[in-house]
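User: I have a model open and a few things to ask about it. Can you take them one at a time?

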Amino acid sequence: MPFLDRLQRWADDRPDGTAVAVAGKRLDWAGLRDAAAARVPAAPAVTVLAEPNSLDFVVSFAAAVAGPRRCAVLDPTWPPELLEGLRTRILAAEPGEAAVPGALGDPHAGAGLTDGPPETPFLVGLTSGTTALPKAFSRSRRSWQVSFDSSIEFFGLTARDRTLAPGPLAASLNLYALAECLYAGSEFHTLERFDVGDAHTAIAHDGITRLVLVPTMLRLLSERGLAGGVDASGLRSIICAGSKLDARTLEAARRWAPNATIFEYYGAAELSFVAGAGLAPAGAAASNGAPGSDGIPASVAPPAGTGIGRAFPGVDIRILDGAGRPLPDGDVGNVSVRSGMVSDGYLWGDDGEALRCFDGWYTVGDQGYLADGVLHLLGRRSDMINTAGTNVYPHEIELALASVPGVAAAVAAGAPDDLRGQRVVAAVLASHGGLTATQLRAGLEDILPRSKRPLDYYAVSELPLTDRGKPSRPLLLAWIAGNDSRLRRLG
């Protein structure tokens, strides 16, 4: 199963309770079950959803994964030609291409709103993209059930929670949060589109107890919430993913939501959850994930610097070299996992490096190391900057810059350089006032070795972000090459 058998259970147990709310419009458990069940007989073997957030999206998604069916969720903001190309390729896919038995199945098999066999694929996941064809991978029903059990234990989700995931349901972070809540019998809220005011209204007036979002959204909600006096005392957990929380965002969130445990974690769409940690509310006893009196794990605080936390329940982590050999603690290599949450592999787009397997250990090429059981994440191998023979990970530079007074956020990248091969460049978003290159260089003197420090600094009026709200290093380089008006070189 992923969640349909549980949906039937909640509809029987509490038919009138709210299951899903989108921008104030609600569906109770019985209404969601009945609306989805009515669509199942006409649902095809493979459904391609490319719709904005709505109650209709939720009903369509539930029907689209009933029985042996599969669903692909596309970002409706992608260019029309890209959406059409993906739709055509997904619908034309043959079971052999997916390398998964029963990938298409009989569209009329399992006509009821029930889960298909655990090992069968139900979801076509797609990497983020705006112009190039995104890679597509397949997930089994069992992989999400194992993920639900692990994340519910780690984050302490209960049926009493009301979760707000204010981002697009086309993003895997939010789609998973929706399905996780349906599985746990927990109320799920989202917005038609991300808006700070609408999110604040939901938090203050809808009894939201749990946020699932990316750090850029958390910073906006926290800082504007503090400035506007928005009450977030009812929040008991905040779950952040996509990039590491910087000190300013974490501090603002702690002040705005003083009763919330703030979690951050590392995972990948192909691997699911890997490692994470949380900062318990002031006065709560900290432990290694043992639940507190309110059911929320009072985890250890997020480690400083590159540390991301310890393994999720049911996950083993190893650091392997390029040949799949284990590396000792402290050595940098491929972050590799063994768990029941790993995807089935790619339908297309795998160049042999996107998802590798070493005797049951899977990696997407993220680089890191282990120290005393804590995973330290340095970034993708493909992001690594080679400057004058030195390997530099931009993630290290970004974290170091974020600790410099006056820096709200930073993005680093490797620009072409005839002498060095690549030169380290960095763009900073100022928290207040102006910043100079001299201030930034001085702030890094005791943090980064000289070989890793940026040679060029830029101030930006906004961060270069992907369509999913993550910092984009390629976009930063494009801005620099095109003398974009949103950045200014610092002398």
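User: How many of the 10 residues of helix α3 are buried?

Analyst: Nine of the 10 residues in α3 (residues 55–64) are buried, so the rest of the structure largely encloses that helix. Buried means under 20% relative accessible area, exposed over 50% and partly exposed in between, with a 1.4 Å probe and protein chains only. Helices are DSSP runs of H or I, at least four residues, and strands are runs of E, at least two, numbered from the N terminus. This is a predicted model: local features need pLDDT of at least 70, side-chain atom pairs count only at pLDDT 80 or more, and totals for chains, interfaces and linings use all residues. Residues are numbered from 1 along each chain as its sequence is written, and side-chain values use heavy atoms, leaving out hydrogens and water.

User: OK, salt bridges. How many does a search of the whole structure find?

Analyst: The search finds 22, a salt bridge being a side-chain nitrogen of Lys or Arg within 4 Å of a carboxyl oxygen of Asp or Glu.

User: What does D456 pair with?

Analyst: D456 forms a salt bridge with R489, at 2.7 Å from N to O. D456 is in strand β25 (residues 456–460) and R489 in strand β26 (residues 487–490), 33 residues apart. Shared partners join D417, R420, R423, D456 and R489 into one network of salt bridges.

User: Is D456 buried or exposed?

Analyst: Buried, because its relative accessible area is 7%. R489 has 53%, so R489 is exposed.
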